[in-house]
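Here is a friendly walk through the model, one region at a time. Please keep the sequence and the 3D view open as you read.

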Amino acid sequence: MQRREFFKTSIVASAAIIGTNLSAGQTHQPKDGQKMSDMAFPEKRPMITYSDRPPLLESPRSVFAKGITSNDDFFVRWHLPDIPTKIDLESFTIKIDGLVEKELNITLKELRNDFEQVEVTAVLQCGGNSRSAFTPMAGGIQWGSGAMGCAKWKGVRLSDLLNKARLKKDAHWIGFNGKDKAAYYETPNFVRELELEELDDHVIVAYEMNGEDLPYLNGFPLRLVIPGYYSDSWVKMLSNITVTNEYKSLFFMDVAYRVPDNATESESPEHKAKKTKPITNMNVKSIIGYPENGMKLYHNAHLVIRGVAFDDGHGIHQVMISTNEGKTWSEALLKQEDGRYAFTEFRFTYKPTKYGKMSIMAKAINRLGDEQPLSKDILWNHGGYKYNGIDVVEVEVV
Amino acid sequence: MKKVLLVSLLAFGSLFAQVEEDVEVPYISYEIKMGKGFDAVQSNCLMCHSFGYIINQGPQSREFWAKKTDKMITHFKAPMTKEDIDTVVEYLYEHYGNGKLKV
């Protein structure tokens, strides 16, 4: 190696060492106001588009001024590139096999006619929603706050399907697989395994979303709905349910979608937690849908601040609003008509009297008393999961 | 009458997909920084996912890109040669790096 070259290399190396001493930096507000794509995907409006293959689409902030997210605004996240381009509704079946007395192949028609039809309104949120808030940047798509939505899901209870197939005595794990495929045969399928005890009567196999068929990109014709859980467990294009007595080792269960298994679920880049656990239940969170960052508000106008709040189904107790950087907080009015798993809508009337820049903050508190921390107090994890910082919107009064 | 019509539509209409033909997901062209090693990215990475999936991870360290590439091989079974691994990591760090060797 020439001397000059060596010199150059050592400068880069020492800079990097300084960099690692920084440890986890301060968490901040997630990215906001990203550009919408010019191109609309099937059954969708133009959305924030991170990838076309597999499709990764985010909803803009304005969608969260309402408690129900419409199907064409609803976020999309697939893991594998090969999604079937057509589902034949006559021949499509969902197969239930493994440790059951009677293996079943149920058609969509039978699903609608032979089982009790049930509905649940529930929030679907990616575990990595708001990942762009973390410093240093956590691995994965740098989502803003729109990798979530709330819909009314209709379908049949998973327990009714399992009861019809009759579980054998040693049944313990239930595996769920969809019809999406990888480019290589050897790539693992996106299979989820859940313990039988985790699955209560609220878990459904849904074919309808907000009174319409599921959009293709949200898992047509069937998807698993697990109210309160992050979306990695809500398997799309669900075609197979397999009952086993022992847990299989699976990439998407064992490596992805996990957080440190310690009290604060946190770690530092230099000392990653050795023990991790699946992300499962959602924490308490809220988002302001209106007004949005950068908006100009008319002085003395009667502004109605609107947004949504949710948790894993314990239910939202209060949403507090601050218009003075968190010095004082006032209670917003809540609308809770769709049950404990749904978005709670909040609204707060506010008359801006001072000219200039100001911020609006929203903080949700659930029935357990859990409340959202300030974003700077959220501790780092390598996957950038479970961000739930107090939402802040900066506006200008003119 | 209108109400009756609506009910019957719901009852029979919902067994059909909203899209009855093959669904086509549009192709999005992402701005790609051309340079040494892009060929290896094209023939390895883009087999399974878009270029957007790469650049929307944000600027990252050399170690990050090396680990991501390793994840694609170990967990997703991407068949990559030793040379291509190095070439791809170099390309990603050079064009989509954050200037740091480690996180």
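## Chain B: helices and a charged patch

Chain B has five helices and zero strands, so read along the sequence the pattern is simply α-α-α-α-α, where helices (H or I, at least four residues) and strands (E, at least two) are DSSP runs numbered from the N terminus. Of the 103 residues in chain B, 38% are buried; buried means under 20% relative accessible area, exposed over 50%, and partly exposed in between (1.4 Å probe, protein chains only). Keep in mind that this is a predicted model, in which local features need pLDDT of at least 70 and side-chain atom pairs count only at pLDDT 80 or more, while totals for chains, interfaces and linings use all residues. Residues are numbered from 1 along each chain as its sequence is written, chains are lettered from A and ligands numbered from 1 in the order in which they are written, and side-chain values use heavy atoms, leaving out hydrogens and water.

On the surface, B:Glu20, B:Glu21, B:Asp22 and B:Glu24 gather in a patch of negative charge. Patch members have over 30% relative accessible area and no salt bridge, with like charges joined within 9 Å and nonpolar side chains (Val, Leu, Ile, Met, Phe, Trp, Tyr) within 5 Å. Accessible areas come from the Shrake-Rupley method with a 1.4 Å probe, and for residues only the protein chains shown count as cover. Asp and Glu count as negative and Lys and Arg as positive, with His and the chain ends not counted; the place of a charge is NZ of Lys, CZ of Arg, CG of Asp or CD of Glu.

## Chain A: strands around β13

Strand β13 (residues 238-244) of chain A runs parallel to β4(A), and four bridges join the two; strands pair if DSSP finds at least two bridges between them. Across this pairing, A:Lys95 stands opposite A:Asn240 and A:Asp97 stands opposite A:Thr242. Strand β8 (residues 173-178) of chain A also joins β13(A), here through six bridges and in the antiparallel sense, with A:Phe176 and A:Ile241 as bridge partners. Because six of its seven residues are buried, β13(A) is largely enclosed by the rest of the structure.

Strand β4 (residues 93-98) of chain A has an antiparallel pairing too, over four bridges with strand β5 (residues 104-107) of chain A. A hairpin of five residues joins β4(A) to β5(A), and A:Lys95 stands opposite A:Asn105 in β5(A).

## Chain A: an open sheet of five strands

Another part of chain A holds an open sheet with mixed pairing and the strand order β17-β24-β23-β19-β20. Its edge strands, β17 (296-297) and β20 (330-331) of chain A, each pair on one side only.

Within this chain, β23 (residues 356-366) and β24 (residues 391-397) pair in the antiparallel sense over seven bridges. In that pairing, A:Ala362 stands opposite A:Asp391 of β24(A).

## Salt bridges

Side chains of opposite charge can pair when their charged atoms come close. With a salt bridge taken as a side-chain nitrogen of Lys or Arg within 4 Å of a carboxyl oxygen of Asp or Glu, the count over all chains comes to 19. A:Asp32 forms one with A:Arg61, their closest N and O atoms being 3.1 Å apart. This pair links distant parts of the chain, 29 residues apart: A:Asp32 is in the loop between α1 (3-20) and β1 (48-52) of chain A, and A:Arg61 is in the loop between β2 (55-58) and β3 (76-77) of chain A. A:Asp32 counts as partly exposed at 31% relative accessibility, whereas A:Arg61 is buried at 8%. A:Asp32, A:Arg61 and A:Asp391 are linked in a network of salt bridges.

A:Glu208 and A:Arg112 also meet in a salt bridge (3.9 Å, N to O). The two are 96 residues apart, with A:Glu208 in strand β10 (residues 204-209) of chain A and A:Arg112 in helix α2 (residues 108-113) of chain A; both are buried. A further salt bridge brings together A:Asp160 and A:Arg157 (3.3 Å, N to O). There, A:Asp160 is partly exposed at 21% relative accessible area, and A:Arg157 counts as buried at 19%.
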